[in-house]
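Here is a short report for a first look at a protein model. Please keep the sequence and the 3D view open as you read.

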Amino acid sequence: MFRIKDHLNNTIILTKKCWTKHILKEHPEMDLFYNELRNTIKKPEYIFKSKFSKNSRLYFKGYIALHK
């Protein structure tokens, strides 16, 4: 799906398996926000350490969703 650098120059990889089997399965509303996901990784407003994985970080950015 993609391999990009975050603002700290860490390489972030999103596999198709992770996108379909985890993200869309657990968070189906994210299907419309693929581009926003990439932008959030590049320019997050907040980053938190995962409670479940010591090597994982959670990137957050606020968006206003406009639906047609």
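## Tyrosine 34 and its contacts

Tyrosine 34 touches Met1, Phe2, Leu14 and Trp19, leaving out residues up to four places away in sequence. Contact here means heavy atoms within 4.5 Å. Tyrosine 34 belongs to helix 2, which covers residues 34-42. Helices (H or I, at least four residues) and strands (E, at least two) are DSSP runs, numbered from the N terminus.

Tyrosine 34 and methionine 1 are 33 residues apart in sequence. Their C-alpha atoms are 10.0 Å apart in space. Is tyrosine 34 buried, partly exposed or exposed? Tyrosine 34 counts as partly exposed because its relative accessibility is 22%. Buried means under 20% relative accessible area, exposed means over 50%, and partly exposed lies in between (1.4 Å probe, protein chains only).

## How to read the model

This is a predicted model, in which local features need pLDDT of at least 70, side-chain atom pairs count only at pLDDT 80 or more, and totals for chains, interfaces and linings use all residues. Residues are numbered from 1 along each chain as its sequence is written, and side-chain values use heavy atoms, with hydrogens and water left out.

## Overall layout

The protein has 2 helices and 4 strands. From the N terminus on, the order is β-β-α-α-β-β. The C-alpha atoms fill a box of roughly 35 × 25 × 25 Å, taken along the principal axes.

The protein has 68 residues, and 19% of them count as buried. Among contacts with a separation of 6 or more, 29% come from residues 24 or more positions apart. The protein exposes about 5900 Å². Carbon and sulfur atoms supply 55% of that area. Accessible areas come from the Shrake-Rupley method with a 1.4 Å probe; for residues, only the protein chains shown count as cover.

Strand 1 and strand 2 pair in the antiparallel sense over 4 bridges. Two strands pair if DSSP finds at least two bridges between them. Isoleucine 4 stands opposite isoleucine 12 in strand 2. Strand 1 has two faces: Phe2 and Ile4 are on the covered one, Arg3 and Lys5 on the uncovered one. In a regular strand the side chains alternate between the two faces of the sheet.

The two strands form a hairpin with 5 residues between them. Asparagine 9 sits in the loop between strand 1 and strand 2. Most residues other than glycine have a negative phi. Asparagine 9 counts as exposed because its relative accessible area is 53%.

## The nonpolar core

Which residues make up the largest nonpolar core? The 9 residues are Phe2, Ile4, Ile12, Leu14, Trp19, Ile23, Leu37, Ile41 and Tyr59. Strand 1 (2-5), strand 2 (11-14), helix 1 (16-26) and helix 2 each supply at least two residues of this core. A nonpolar core is a set of buried Ala, Val, Leu, Ile, Met, Phe, Trp, Tyr and Cys residues joined through side-chain atoms within 4.5 Å. In soluble globular proteins, nonpolar side chains tend to be buried together.

Isoleucine 12 lies in strand 2. Beyond four places in sequence, isoleucine 12 touches Phe2, Arg3, Ile4, Asp6, Ile41 and Tyr59. Isoleucine 12 and arginine 38 are 26 residues apart in sequence and 9.6 Å apart in space, C-alpha to C-alpha.

Tyrosine 59 is in strand 4, residues 57-60. Leaving aside neighbours within four places in sequence, tyrosine 59 contacts Asp6, Ile12, Thr40, Ile41, Pro44, Tyr46 and Ile47. Tyrosine 59 and threonine 40 are 19 residues apart along the chain, with 6.5 Å between their C-alpha atoms.
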